[in-house]
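Work through the exercises below with the sequence and the 3D view open. Try each task before reading its solution.

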Amino acid sequence: MSATFVHRRDVAASLRCPVCGSALKPADAAWRCTGAAGHVFRDLEGVPILLNPARSVFRAEDFHARARTTFKDPAAWALRLGKLLPSPSRDISAGHCRRRLAQLLAQRPVKRRRVLVVGCGDGSAGYGELAAVEGARWLETDVSLAGRAAVVCDASDLPFGDGQFDLVICVAVLEHVLEPQRCVDEMHRVLADDGIIYATTPFMQQVHMGEYDFTRFTRSGHRWLMRNFHEVDSGLATGPASVLVWSIEYFLMSWFASVGARRVMKGLTRLLLGWMTFLDPLLARRDAAYDASGGFYFIGRRASGPTLGAREMIGYYRGADALK
Ligand SMILES: [Zn+2]
């Protein structure tokens, strides 16, 4: 990756208190807010843990105690085997979106190519062409220390000042937050006036990441969530075949409580049926497949207010019923 990842000194200038929004000042392996309440947030090995205890489902203490937060660490053998089998978790739009975002970012002046990743995951996901955009400065965040997160924060209270970023990336995150609209509003707040948002969110996918899974969106629901953005592009991120493979996998796993048996069912389904997901790129071009989608992506440009009204949502629908 040739992208420049920001370091601690760069991060410091843009940090804000996740509780009161005041500027943060470094203070002996911690950050103290300059607001009247003087909120203090401890670092963990140089990573600021900036959570609002009143709203986050995560606790700073758990990070400091090294307790599990979001990602379970699978056994090495399970990880290796998993990589050999075709996974239904295929984002068929990823390549297209990265190219599109790379174009949009490259159109901006070099100083205005600041990228915020909300939910960088375990660091295994790449950014393709997007990572090669010259002069882009990246800041990756998550509610996990498993990846490259430079800041641990919750999307519901982003610890950054207004208009600090030009592109916000939020992939497979909004289903894991209690208040998706608040999180999108936060991303809207930290984006510059004409900044770009990129989100992909599942519509039909079984519960994943256990206790940290809360919500799903249709294409229309996803658009309404993003109503303060002009749509640049949107479409299917996960296809109907993925949904089918997941359904069979979870149907079989429903019979078993033991981790081992569930893993066997999962592996067996993927081995026998995983190939079906290679049909999804063909279906992605068909409107009739939209009703059966596993999830949608949205690329939008920040607007100062709503870009469509409630009634316009009816005409926004794209699926089998719109083809009659
Ligand atoms: Zn504060």
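**Exercise 1.** How many salt bridges does the structure hold?

*Solution.* The model is a predicted one. The structure holds 20 salt bridges.

**Exercise 2.** Describe the salt bridges of Asp157 and the exposure of the residues in them.

*Solution.* Step 1: find the partners. Arg55 meets Asp157 with N and O 2.8 Å apart. Arg182 also forms a salt bridge with Asp157, and here the closest N and O atoms are 2.9 Å apart.

Step 1: place the residues. Asp157 lies in the loop between β8 and β9, and Arg182 in helix α5, 25 residues apart. Arg55 is in the loop between β5 and α2, 102 residues from Asp157.

Step 2: apply the cut-off. Buried means under 20% relative accessible area. Asp157 has 6%, so Asp157 is buried. Arg55, at 31%, is partly exposed, and so is Arg182, at 27%.

**Exercise 3.** Is Glu175 buried or exposed, and which side chain of opposite charge is nearest?

*Solution.* Step 1: Glu175 sits in the loop between β9 and α5, and Glu175 is buried.

Step 1: the nearest side chain of opposite charge is that of Arg216, 5.6 Å away. A salt bridge requires a nitrogen within 4 Å of a carboxyl oxygen, so Glu175 has none.

Step 2: list contacts. Beyond its neighbours within four places in sequence, Glu175 touches several residues, including Thr201, His208, Phe214 and Arg216.

**Exercise 4.** Identify the protein donors of the zinc ion and state why their arrangement is tetrahedral.

*Solution.* Step 1: the donors are Cys17 (SG), Cys20 (SG), Cys33 (SG) and His39 (ND1), at 2.2 to 2.4 Å from the ion. Their spacing in sequence is C-x2-C-x12-C-x5-H.

Step 1: the four donor atoms subtend angles of 102 to 121 degrees. Four donors count as tetrahedral if all angles lie between 85 and 135 degrees, so this arrangement is tetrahedral.

Step 2: Cys33 is buried, at 4% relative accessibility, whereas His39 is partly exposed, at 23%.

**Exercise 5.** Which residues touch the most other members of the largest nonpolar core, and which element gives the most to this core?

*Solution.* Step 1: the core has 34 residues, of which Leu116, Phe160 and Leu174 touch the most other members.

Step 1: the elements that give two or more residues include β3, β6 and α5. α5 gives the most, with four residues.

Step 2: look at Phe160. Among the residues Phe160 touches are Leu15, Leu116, Leu139, Cys153 and Val190.

Note on methods. Residues numbered from 1 in each chain as written. Predicted model: local features only at pLDDT ≥ 70, side-chain atom pairs only at ≥ 80, totals over all residues. Heavy atoms only, no water. Core = buried A, V, L, I, M, F, W, Y, C linked by side-chain atoms within 4.5 Å. Buried < 20%, exposed > 50% of the residue type's maximum accessible area, 1.4 Å probe, protein only. Contact = heavy atoms within 4.5 Å. Donors = N, O, S within 2.8 Å, 3.2 Å for Na, K, Ca; no water. Tetrahedral: all angles 85-135°; square planar, octahedral: opposite > 155°, others 65-115°. Lys, Arg positive; Asp, Glu negative; His and termini not counted.
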